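Please look over the model below. My notes follow as numbered points.

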Amino acid sequence: MAQLKKIAINTGGGDAPGLNAVIRAIVVSALNKGYEVFGIRDGYNGLLKPEDYPEGGLIPMTRRTVRGITHLGGTILGTTNKGNPAKYPTMGPDGKMYEKDRTDELVEAFRKNGIEALVALGGDGSLGIANTLAEKGLRVVGVPKTIDNDLDKTVATFGFDTAVSFATECLDRLHSTAESHCRVMVVEVMGRYAGWIALNSGVSGNADAILLPEIPYDINKVAAALKERPKRGKNYCIVVVAEGAKPVGGSASVIGKEIGRAEKLGGAGDRVAKELEPLVGKECRTVVLGHLLRGGSPTTFDRLISLRFGAAAVRALEEGRSGVMVALDPPTVRYVPLAEATSRMKTVPPDCDTIKTARDLGICLGD
Ligand code: F6P
């Protein structure tokens, strides 16, 4: 029988396929071990803004609540990327918005509700917050979520495989239309400042060029590589651009920064297409996959790691662990300190095997 009685789950930041599978695994295995489980609505808003939830910011989780959700995209708890409790967007007396640290209030809200431990499902931002809560005395176990796969100390985050699989399917579909029209199709994918989605889908989907945040590109070199294609009997091109890609000496396409939120990226694909068109002499069209990469059912791989992560998170609580993140370390899962997992972003190493494969296959990486 569990020593802890009440635990809570929250989902923070951008959603990722697999969140519901993790929630179900946590709830079912925790109920089986004698815990009471609560879901916090919309990140931490269920606790920080209870007035917004007349039916309660904490949802009692039962087997019924999580029945039939393993394969569903999104999160039944809701999420937000405007609710960082350490930088909570708050209106000042002058009517202006500023960032307020509400982490002490949040720890107090857990205590008042009798919740002894939290399983936090999030990316680097949300798990950084989870680490702060652990440092303030709450029992916390993190689960690595993000389509970007940029969390350190885990081989994979859940959601990434689904996003890459969908992006690859989109690239497959674009080949025939690009060929029919002799066009250059520029496909922008998410990933923030890590190029994992672009690299893995670009190599798998037979792109001619892949531009990543980790390798600043020279547009003239990209154009020169694309102009070689017709000589090899290919009159169209597919270019995959990570949203965080940047030209040599330039910066990523940042389109905004709001109080309490991370920078918003956008326009990297259009920028590349616009510059390429006159250089290549072919019509260049942009497709932005954007939030489509976050939707849909998780792949079998993502479902399975999600269920494994959720069950492992409850085992971690049973073992008395706190301040750790569940990490995939095939063939097993292990626990790593949250502080280590969030201290640096896991970007694509420019000498990794997939980069070497891309080069060996003649894919231009813009350098
Ligand atoms: O972190 C996941 C992610 O999907 C990034 O790839 C992207 O930059 C960001 O979220 C966009 O989030 P939103 O549009 O929800 O603010």
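1. The centres of domain 1 and domain 2, taken over C-alpha atoms, are 33 Å apart. Domain 1 covers 6-158 + 298-330, and domain 2 covers 164-293 + 349-360; the bounds come from an automatic or database domain assignment. Where they touch, 14 residues come from domain 1 and 12 residues from domain 2 (contact means heavy atoms within 4.5 Å).

2. A word on the source. This is a predicted model, where local features need pLDDT of at least 70, side-chain atom pairs count only at pLDDT 80 or more, and totals for chains, interfaces and linings use all residues. Residues are numbered from 1 along each chain as its sequence is written, and side-chain values use heavy atoms, leaving out hydrogens and water.

3. Which residues surround the ligand? Among them are Asn-81, Ile-147, Met-190, Arg-261 and His-291 (near means a heavy atom within 4 Å). The shell has two nonpolar, three polar and five charged residues; Asp, Glu, Lys and Arg count as charged, Ala, Val, Leu, Ile, Met, Phe, Trp, Tyr, Cys and Pro as nonpolar, and the others, Gly among them, as polar.

4. Now the polar side chains. A polar side-chain atom of Glu-243 is 2.6 Å from a ligand oxygen. For the side chain of Asp-148, the distance from an N or O atom to a ligand oxygen is 2.7 Å. For Arg-192, it is 3.5 Å.

Notes: A polar contact is a pair of N or O atoms within 3.5 Å; within protein, one must be able to donate a hydrogen and the other to accept it, and residues adjacent in sequence count only if both atoms are side-chain atoms.
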